[in-house]
Every structure is written in C-alpha cells, then in structure tokens.
Amino acid sequence: MSDVSTSNQPATTPVEKVRGALVRYRALAWITGVWLLLLVVEMIAKYGFDVDGFGWVGVVHGWIYFAYLIFTVDLAIKVRWPVGKTIVTAIAGTIPFLSFYFEHIRTKDVKEQFGI
C-alpha cells in the first residue's frame with residue numbers, strides 16, 4: 001500500500017468540468033457577497049434606525065450562501081483543494097467583502113493550475 005495523500009496528487013478532472021465549476025463558483029461568490037452587503041444594510045437599518053420591513057434579505061442570503069457552499073465544494077473536489085483551503089473559502093461567504101477577495105485569489109490559482 002502506498003501512503004500518498006490525495007492533496008499531493010495532480011487533479012485529473014477534465015479542464016472543461018473545472019471551467020464550468022469555476023464559473024459557477026465565481027457567480028455565486030459575487031451573488032453571495034452582494035446579498036451579504038444587503039444583509040449588513042438591513043442590520044444597520046434595523047438596529048441603528050429602528051427600520052423594519054425587509055427581514056427577507058437574511059433568508060435570501062441564507063439560501064444563496066447554501067448554493068455558494070455547494071458550488072465551493074464542487075470546485076474544491078474537482079481541483080483537489082485540501083480540506084482547510086475548502087473550509088476557509090466556504091467561510092469567506094460569511095464576512096462582508098471577503099467573498100470578493102477569495103473569489104479573485106481562488107480563480108487566479110485555478111486558472112494558473114489548469115491553464116484556463
């Protein structure tokens with residue numbers, strides 16, 4: 001038996017599947033980031049100015065974040081990210097502006113790795 005970890009093995013996923021997964025990840029990273037900023041605006045309005053009435057923003061962000069998690073894991077599996085990198089990327093959708101930054105650096109890494 002060989003003691004080789006999967007994180008050291010080269011990704012064997014076809015480039016077209018990686019490209020599709022990357023596009024889905026990028027789209028959801030941006031959509032998640034925008035809805036998270038809208039959620040921040042909602043929180044400021046609610047707790048800072050006593051304005052209620054658009055509590056649905058949190059629900060929408062939650063569902064979009066769920067889709068972001070699915071597409072992040074899909075991309076991570078296809079490009080064989082280590083678990084830690086996958087988790088940090090997934091958490092980026094919960095901190096304002098961080099999803100935009102992580103989308104940029106992860107996209108750059110994947111494009112370099114696969115020559116996309």
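Predicted model: local features only at pLDDT ≥ 70, side-chain atom pairs only at ≥ 80, totals over all residues.
Local features need pLDDT of at least 70 and side-chain atom pairs count only at pLDDT 80 or more, while totals for chains, interfaces and linings use all residues. Residues are numbered from 1 along each chain as its sequence is written, and side-chain values use heavy atoms, with hydrogens and water left out.

Select the whole chain and show the cartoon. Along the principal axes, the C-alpha atoms fill a box of roughly 60 × 30 × 20 Å.

Colour the chain by accessibility. Of its 116 residues, 34% count as buried (under 20% relative accessible area, with a 1.4 Å probe, protein chains only).

Next, select residues 56-79, helix H2, and residues 83-91, helix H3. They pack at an angle of about 155°, with their axes 10 Å apart (axes are lines fitted to C-alpha atoms over the stretch in contact; angles run from 0 to 180 degrees between N-to-C directions). That makes H2 roughly antiparallel to H3 (an angle over 145 degrees).

Now show side chains. On H2, pick Tyr65, Tyr68, Leu69, Thr72, Val73 and Ala76; on H3, pick Thr86, Thr89, Ala90 and Ile91. These residues make the contact between the helices (heavy atoms within 4.5 Å). Seven of the contact residues are nonpolar, three are polar and none is charged (Ala, Val, Leu, Ile, Met, Phe, Trp, Tyr, Cys and Pro count as nonpolar; Asp, Glu, Lys and Arg as charged; the others, Gly among them, as polar).

Terms used:
Helix = DSSP H or I, 4+ residues; strand = E, 2+ residues; numbered from the N terminus. Parallel < 35°, antiparallel > 145°, perpendicular 65-115°, else oblique. Buried < 20%, exposed > 50% of the residue type's maximum accessible area, 1.4 Å probe, protein only.
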